[in-house]
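Subject: Structure for you to look at

Hello,

Here is the structure I said I would pass on. Please open it before reading the notes below it.

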Amino acid sequence: MRILDKFNLNTIDRPYILVCSSNSQMLFAKELMDKAKIENQLIPTPKGFGGVCTTAIKFPEDHTQEVAGLTATYGLEIEGIYPMTSRYKYDLSTIEAKGLSDRLMEILSRISENAELDRDEIKYLLEIEDETEYKALLQAADIIRRECVGQHIELRAAIEFSNYCSKNCNYCGVRRDKKMTRYRMSEEDILGEVDLLNRIGIKTVILQSGEDSYYTAEKIIKIIKKIKGKYGMQITLSIGERNNNEFALFREAGVNNYLLKIETANRELFQQLHPDDDFELRVAQSRQIKDAGIRLGSGGMVGLPGQTIDHLVEDIIFQRDFGVHMIGFGPFLPAKGTPYEAMPPGDLRLSLKMIAVARIVCQHVFLPATTAIASLNPEAQALALMAGANTIMLVSTPKELRNNYQIYSNKNMVDLSFAIKSVQEAGRKLPKYLNFKYIEELGYKIPKELIE
Ligand code: SF4
């Protein structure tokens with residue numbers, strides 16, 4: 001058995017889910033099920049069974065009595081134990097059938113029944129070229145997005161605090177061998193940026209860097225604790241692979257999410273892109289993050305050299321079956337001074353189809369309209385929001401440093417005014433949690449219709 005097969009979450013026939021009332025109760029329940037040798041997997045709680053940020057435990061029907069017994073014996077606080085067959089249904093009746101092929105009609109009918117799409121169905125959707133079918137695909141994704149995560153955009157902000165990296169990924173503009181100005185932000189400077197974000201009302205800060213061993217777990221934990229203690233913000237770490245015992249320490253310190261992208265779920269392609277990495281280790285680390293009780297962010301690039309539609313089908317299935325909470329698909333963009341600098345960028349339309357199919361297949365998750373898609377074309381962030389995406393990440397690295405953190409060239413430094421423009425073009429809402437008064441004091445104009 002390949003290690004990926006072992007982690008495939010689709011091995012459970014007739015699945016049930018246990019939904020607990022909190023993350024800590026969920027982790028306790030998982031520990032009890034592991035001890036009792038009950039096969040289980042952590043997944044984003046499906047729509048209809050709990051909130052979008054929560055995690056459910058999937059297990060086989062045969063163990064329902066045993067799981068109920070464990071929850072009773074240990075006094076676990078649970079929301080319930082449910083068969084996954086009683087899944088949420090989607091009303092796609094507003095999609096105009098005229099001009100759609102029988103095959104697409106059949107797939108749409110299965111989507112509205114919330115059936116699990118197979119490889120051929122996912123491939124059909126990704127290969128759509130006909131304009132009417134393309135619009136129907138995006139419309140289906142938009143309906144499911146509205147049902148799952150509503151109208152407002154989740155606005156997060158990334159502080160790229162170090163561009164030192166020990167690795168040499170072939171596509172990356174901050175890879176080890178690239179000659180460039182390197183920087184590291186001090187704890188004080190990082191906290192200064194966090195303070196600004198807190199005043200704007202941002203609820204989730206993303207601390208991102210290359211794989212930089214200068215920032216030991218101890219240093220990272222100190223920063224996490226200060227942010228949690230002073231601001232109580234949600235924290236996403238995006239600092240690459242770490243020693244596996246560190247994920248539990250990060251969780252204890254207060255980390256909520258960890259972004260470790262797989263980039264491609266195809267082993268051979270992964271190895272071509274990542275000369276220093278091992279595919280199985282990346283999968284294992286992704287699993288360790290989930291098992292530590294941290295929500296996993298993953299995703300991949302569209303239009304990589306050597307990538308086929310079948311690879312993209314694998315990517316979608318990997319994200320679904322691995323139970324990822326936040327899935328970022330964006331176009332591959334070449335970076336100057338890297339082995340891939342002369343390669344063509346990923347295609348916008350295919351990138352939008354990937355977002356739409358990811359929403360249809362994975363449903364109750366966060367899908368960013370990525371900085372990469374906004375860099376490919378300034379209109380594209382709004383188009384991604386209309387194709388199933390619901391999240392924007394602001395670039396909140398200090399202005400004097402951000403040009404030195406370009407994983408790809410000509411990066412769009414998505415700031416608040418760019419995000420507001422995208423939200424407006426997509427006809428969506430800004431989140432209520434923003435401090436609109438303070439944002440306007442900073443000189444940003446917020447059209448009234450964007451406030452929920
Ligand atoms: S993709 Fe990440 S790990 Fe790879 S070189 Fe770039 S910053 Fe380093």
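Predicted model: local features only at pLDDT ≥ 70, side-chain atom pairs only at ≥ 80, totals over all residues.

Residues are numbered from 1 along each chain as its sequence is written.

The chain has 18 helices and 11 strands (DSSP runs, H or I of at least four residues for helices and E of at least two for strands, numbered from the N terminus). Of its 452 residues, 46% are buried, where buried means that 20 or more other C-beta atoms, placed from the backbone, lie within 10 Å of the residue's own.

Helix α13 covers residues 348-362 and reaches 21 Å from first to last C-alpha, close to the 21 Å expected (1.5 Å times one less than its number of residues). Because 12 of its 15 residues are buried, α13 is largely enclosed by the rest of the structure. Among the buried ones are K353 and R359. Just after the helix, Q363 has a positive phi of about 60 degrees.

Which angle do the axes of α12 and α13 make? They cross at roughly 35 degrees and come within 10 Å (axes are lines fitted to C-alpha atoms over the stretch in contact, with angles from 0 to 180 degrees between N-to-C directions). On the α12 side, L312, I316, Q319 and R320 make the contact, with C-beta atoms within 7 Å counting as contact.

Regards

Terms used. Contact = placed C-beta atoms within 7 Å.
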